[in-house]
Amino acid sequence: MGLDALFEAFLAVLNGGSLLFLMAGVLLGLTFGVIPGLGGTTALALLIPVTYTLEPLDAMYLAGGVMGATSFGGSISAILLNTPGTAPNAATTFDGYPLARQGKAGLAIGASATASALGGLIGLFTLLLFIPVAREVVLSFGSSEFFLLTILGLAAIAVSVKGKLLRGLIAACIGLLLAFTGANQFTGETRFTGGMNYLWDGIPLVPALTGLFAISQMIELALKGGSVADEETRSAAENMKITGVGEGILAVFKHWPVLLRGSLIGTVIGAIPGLGGTVASFLSYSSTAQTAKDRDTFGKGNIKGVIAPEAANNAKDGGSLIPTVAFGIPGSAETAVFLGILVLHGIEPGPQILLQNEREIYGLIVALTVSAIGASVLGLIFARFLVLITRIDVNIVVPVVVTLSLTGVYVLEGRMADVAVATIIGIFGYLMIRFDYPRLTLVIAFVLGEIAERSYHQVRLISDGNVLEYMLGRPISVILIVATIVTFFLPAMRKIPWRRLTGSAS
Amino acid sequence: MKETPQAPRMVTSIWPAVLLLAFAVVMFLIARGYSATSARFPAMVAGAMIVLAVFDVWSRSKIPGAQVVETFGGTGFRQREMMHNPTFANQAECLGWIAGAFAMMATVGILAASPIFCAAYARLRGKLTLAVSAGVGIGVLIFQFAVFEWALNYELYRGLFFTKGGVNAW
């Protein structure tokens, strides 16, 4: 069944206009990746309304094109401008920019493109291997496990938002409370609507996502202001000769252990909800630099310092889809917005996503595969042109993205109230950025809230009110409860000075 | 992410946590007013939020134990998402622009408001030249018209002044 769906998705890309959607996504992803402050999540949030009129599979191709291309786009500005396009590309600047300054920009970009493509493919291959196992696991789940899995996912994300456990959990509570707005699915009673009929169906997902990730990001970018890179760096980048690309491609194959290690780090880190590409790329860079014989040359233009973070950064896409497609728990902001696109096409997020929407999931995997290669090829061809995009003033980007986002939100349902919701949530999202409450846990709780409540009520009905007793009688539920407790207490336990305690005891 | 040794006072102050605590209390009280089944989950979540917000307030205060809460609860501000520290006036102005964009769309319609907002923002806030600002506005107008009104044959909102039903039609 899985192979059939995969084959069908590949054929669909080759037939008809799907490839055009994919390539449009790749170009958009490269563009949003190159411009610091924008990134894949903003691009996807902007795209949600556009996908409304598309077939679900075409929507997957468009979204997959963006998701697969953003990382490599960000590496171009990291190498040529010393300014990472997206946060995970920061590790690439350490050796990428020194290489460019030495006249080896082509070498660095060639290596980055190849490491990105191969890293992405390794991550996706791992995902494909994991899917049959995940399907069996999900088939053995009941309401109790679905509920506990949601709680575990939220706990894992809150814990992994480094240094913000408490604020992450508070944000998750806000997300859940927002998800409960509207008519209760069991009783029909309306909750938290303030008497507004508009809210009977709950807070709509797309305006909420657009506000949280497009509008709030633009407010933050507007306040940051300034130009992407200083004029001197920019003109130097535009005059750089991009030669030696072939050498860069060969360098990746020459240093294949670096590629492999980076890809594995990226896949594993990506699979842990909340960690994301920044941790993956820095971990990959530091582990490569620490174990290399020529470690003194890192930071001065060592090509392995480009290969390692780029492989990890792209491999994490496949990894982050593991919790998303297996259990319906988005592992990153990007996959949370991607789930929003699925919802728009009538696909319900949650653990059964893999069983009921195999076609779309394999479509996304195909899109990411083609996108990983396509982005590298297009990026190599248009690298110099893409750098010119960073010339665009922030004061042009901000109003244009804001108006297009709000227009897109309106077009979806033809309701101005949706535009108002996107604006309000956008301002609220900015306040979350400002006061350092992670938006990621809020949006994931918002997406999963309805499922969590429904599963909980189902467990109550099945267990005749003895929820805990029922859960403790099911082995998988017990494992999930233990995993949730460990997830919560592990970061705190790490901070206990065990050695000092045992020392004083002895 | 870079390490930030000191977060702005406004960010670390007790007030954001106090506001969230108040929000959680209000939500809890509202939730308690619903029937048992409808209230169960929201009340649980709001209750949990009250506890978490109390810890948040505690970690920001000078009450004894605040440091322990910060260490074990992960409430520090060393790895902030927003590294820069804009002034209050600058933030208010920027939020005003965003609210203004919505207000303009609501009153005169999306097609008219979009180019005006883009051009005005580029000119007044961005201090770009008149030609560039006008170019941005015209570009957005052409895009909105060509994609939505012409290609998709979709009539964008015409504004409260030009639509029957007023706010009720939203």
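What is the order of the elements of chain B, read from the N terminus on?

## Elements and overall form

In this predicted model, the elements of chain B follow one another from the N terminus as α-α-α-α-α-α-α, and a count of them gives seven helices and zero strands. The radius of gyration of chain B is 23 Å, well over the 15 Å that the globule rule gives for 170 residues, so the chain is more spread out than a compact globule.

The C-alpha trace of chain B spans about 60 × 50 × 25 Å along its principal axes, and 31% of the 170 residues of chain B count as buried.

## Two domains

Chain B is divided into domain 1, which covers residues 9–73, and domain 2, which covers residues 88–162. The centres of these two domains of chain B, taken over C-alpha atoms, are separated by 39 Å.

## The side that touches chain A

Contact between the chains involves 62 residues of chain B and 56 residues of chain A. On the side of chain B that touches chain A, the elements that give two or more residues are α2 (15–32), α3 (36–60), α4 (66–73), α5 (88–108), α6 (110–125) and α7 (130–151) of chain B. The most is given by α3(B), with 13 residues.

Notes. Residues numbered from 1 in each chain as written. Chains lettered and ligands numbered in written order. Predicted model: local features only at pLDDT ≥ 70, side-chain atom pairs only at ≥ 80, totals over all residues. Contact = placed C-beta atoms within 7 Å. Helix = DSSP H or I, 4+ residues; strand = E, 2+ residues; numbered from the N terminus. Domains from an automatic or database assignment. Rg over C-alpha atoms; globule rule 2.2 N^0.38 Å. Buried ≥ 20, exposed ≤ 12 C-beta atoms within 10 Å, placed from the backbone.
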